[in-house]
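Visitor: I'm new to this and would like to learn how to read a protein structure. Could you walk me through one?

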Amino acid sequence: MEQWVLVSIIIAGYLLLTLTIGLLAGRRSSDSVAGFVAADRSFGLLVMYFVTGASVFSAFAFLGGPGWAYSRGAAAFYILAYGALGMAPFYWMGPRAASLGRKHGFVTQAQLVTGRFPSNSLSSIIALVSLVAFVPYITLQMRGAGIVIEAVTDGHVPLWLGAAVAYGIVIVYVLSAGAMAVGWTNTFQGIFMVVIAWALGLYLPFRLYGGVRPMFERIAVERPDLLTLPGLTAAGDPWTWGAYTSLIIVSAVGLMMWPHLFMKAFTAKDDETLRRTVILFPTFQLFLIPIFLIGFSGVLFAGQPPAPDFILPFMILETGLPAIVVGLFCAGALSASMSTGDALLHASASVVVQDGVTKYLDLDDRAQRRLMRGIVLLTGGIAYYFALDPDSSLVQLLASAYGIISQLAPPVVAAMYWKRATTTGAISGLVAGTATAFFFFLNPELKLLDLHEGVLGLMVHIPTLVAVSLLTPKQDEGHLRGFFS
Amino acid sequence: MSLKTARALTVAYLALMTISVTWPGLLPFARIEPLILGLPFSMAWIAGWVAGSVVVLYLLDRVERRYRQEGGD
């Protein structure tokens, strides 16, 4: 049998297994909005750990991580640095959000914010901001899945078909089972990708250089520029400390503001589970080490992949691994893509319906569920359309998505912790911050010290929120008591 | 240890970590040699802070849990 046929069979088997897990999990979920969006608030530690880990590490980490290590060297270390920093405050914020959620029935973060700052326009802005950040992120996941399948089947399964099949399956289980399916498939996919990453990350350096140390010793002699922080730009020039530092800060601030991650606070069974998830998260983070090793193993390797993001499939195919390993690797990469993609699709539908549509239309529980399923299909369709169009600005869009999503942090924190904050203050800050981030995204040459546009946005956002809040009358005491106590 | 001290120490660790993995705290450690467990020094340095955060958060949780139990929360 030809290798690509065998690889395709393994991939098909893997996809079938994922679908089965997703559908079986859905049978445990209740037929309600709380069931679809928040899995009836039932996730225990095992599921929460992998849901969080697998949703954070997407096709961007699995393909982009080695790609960065390969082409930009030490610059990739930023990915390792920000995760633990971004997650840690959630030890306190998570349980607080969860307790407010249980009390007021919140299932999205916009509901939390507008529960404190009652305003339909604020809710719509948050929904819009989330959606704008979501689409390029989902597109990237779909392209990632398509690229991997096309590469390892020698082009016999083209990108459009690979992406369509993988995401067809994601849509089936998200539609039928919502958060419960996302949780259980991510547990399976999370275990899978961690095992694959460690196995390959140690195998490649040993196979090609006789170990991790000899590999880095050789790179240090032949390409010291690559191992020197802050690494290189995409063009191969030395990167700036301003860009490196601000990318870590904006990613740390933005990380837990992604609705698909923040909403996990509402899916946890109890606060204890949330806290343990936060404590254990950095252990998941360390799986980036083998991911980088895979990328570095390609640096002194003869031959070049068509683009840095292809370094992983390229190394797998070029080092003549048996078909079974190629198939399993492919399943690992698909896991990374699908476990983030499903959470994104699911969250985008929840956010659009809960925070956008129901603010203006009165829908019953059943109609909401039906509408959310429609939005999953619509968002999936839009992202698929972009995934087929190899638009080079997508990676740039994703970096900017972090700039936009990090603007949700000030209103969320103010809603939960700062009693003097006002609705006008929250809206002004969000509008000013998002506009600033967007302005510098469009005019990168004007950026101060090469700082990330999201950080520049926050530098305008936070003072605006504070100043306008202090200039507007304090919120009604009764409203504050009702919200907090 | 009191809850207040534990929280202050945790925040201090996170603040120190933020400075140590970015400019300018990273500058003295942004070097390749010596390799630690085969990894470039800067990579091992950042990984060390990440691993350390697990320990710090675990210790914080022990204190927090004791206080929650006492408070009947």
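Guide: Let's go through some features of this structure one by one, starting with where the chains meet. Keep in mind that this is a predicted model.

Visitor: Okay, how many residues of chain A and chain B are in contact?

Guide: On chain A there are 29 residues in contact with 24 residues of chain B. The elements giving two or more residues to chain A's side are helices H5 (77-87), H10 (212-222), H11 (224-227), H12 (241-255) and H15 (271-285).

Visitor: Which of them gives the most to that side?

Guide: That's H15(A), with 6 residues. By class, the side of chain A that touches chain B has 22 nonpolar, 5 polar and 2 charged residues.

Visitor: How do I read the way two helices pack, say H15(A) and H2(B)?

Guide: Start with the axes and the angle. The axes of H15(A) and H2(B), which covers residues 41-70 of chain B, come within 8 Å and cross at roughly 165°. An angle over 145 degrees counts as roughly antiparallel, and H15(A) and H2(B) are therefore roughly antiparallel to each other. The crossing of this pair is left-handed.

Visitor: Which residues make that contact?

Guide: From H15(A) come Arg275(A), Val278(A), Ile279(A), Pro282(A), Thr283(A) and Gln285(A). From H2(B) come Val50(B), Ala51(B), Ser53(B), Val54(B), Leu57(B), Tyr58(B) and Asp61(B). Sorted by class, this contact has 8 nonpolar, 3 polar and 2 charged residues. Here's a handy general idea for looking at such lists: an α-helix has 3.6 residues a turn, so residues three or four places apart point the same way.

Visitor: What about a helix pair inside chain A, like H18(A) and H19(A)?

Guide: H18 (residues 323-356) and H19 (residues 365-388) of chain A have axes that come within 8 Å and cross at roughly 125°. That makes H18(A) oblique to H19(A). Their crossing is right-handed. Among the residues in the contact are Leu345(A), Ala349(A) and Val353(A) of H18(A), along with Leu371(A), Ile375(A) and Thr379(A) of H19(A). By class, the contact of H18(A) with H19(A) has 8 nonpolar residues, 6 polar and no charged.

Visitor: I keep hearing about a nonpolar core. How do I read that?

Guide: The general idea goes like this: in soluble globular proteins, nonpolar side chains tend to be buried together. In this model, the largest nonpolar core has 186 residues. Those with the most contacts inside it are Tyr78(A), Ala145(A), Cys330(A), Ala333(A) and Ile46(B). Helix H9 (residues 159-209) of chain A gives the largest share of this core, 22 residues.

Visitor: What is Ile46(B) in contact with?

Guide: Setting aside neighbours within four places in sequence, Ile46(B) is in contact with Phe77(A), Leu80(A), Ala81(A) and Val21(B).

Visitor: And Trp49(B), is that buried or exposed?

Guide: A residue is buried if 20 or more other C-beta atoms lie within 10 Å of its own. With 21 C-beta neighbours inside 10 Å, Trp49(B) counts as buried. Trp49(B) lies in helix H2 of chain B. Apart from neighbours within four places in sequence, Trp49(B) is in contact with Met17(B), Ser20(B) and Val21(B). Trp49(B) and Leu14(B) are 35 residues apart in sequence, and their C-alpha atoms are 9.2 Å apart in space.

Visitor: Which residues of H21(A) are buried, and what covers them?

Guide: In H21 (residues 409-417) of chain A, the buried ones are Ala409(A), Pro410(A), Pro411(A), Val412(A), Ala414(A) and Ala415(A). Their cover includes H7 (109-116), H12, H22 (423-442) and H23 (453-471) of chain A.

Visitor: Where are the cis peptide bonds you had in mind?

Guide: One joins Leu229(A) and Pro230(A), with omega about 0°. Pro230(A) is found in the loop between H11 and H12 of chain A. Another joins Glu33(B) and Pro34(B), with omega about -5°. Pro34(B) lies in the loop between H1 (3-20) and H2 of chain B.

Definitions and conventions
Residues numbered from 1 in each chain as written. Chains lettered and ligands numbered in written order. Predicted model: local features only at pLDDT ≥ 70, side-chain atom pairs only at ≥ 80, totals over all residues. Contact = placed C-beta atoms within 7 Å. Helix = DSSP H or I, 4+ residues; strand = E, 2+ residues; numbered from the N terminus. Nonpolar A, V, L, I, M, F, W, Y, C, P; charged D, E, K, R; others polar. Axes fitted to C-alpha atoms, helices over the stretch in contact; angles between N-to-C directions. Parallel < 35°, antiparallel > 145°, perpendicular 65-115°, else oblique. Left-handed = near helix turned anticlockwise from the far one by under 90°. Core = buried A, V, L, I, M, F, W, Y, C linked by C-beta atoms within 7 Å. Buried ≥ 20, exposed ≤ 12 C-beta atoms within 10 Å, placed from the backbone.
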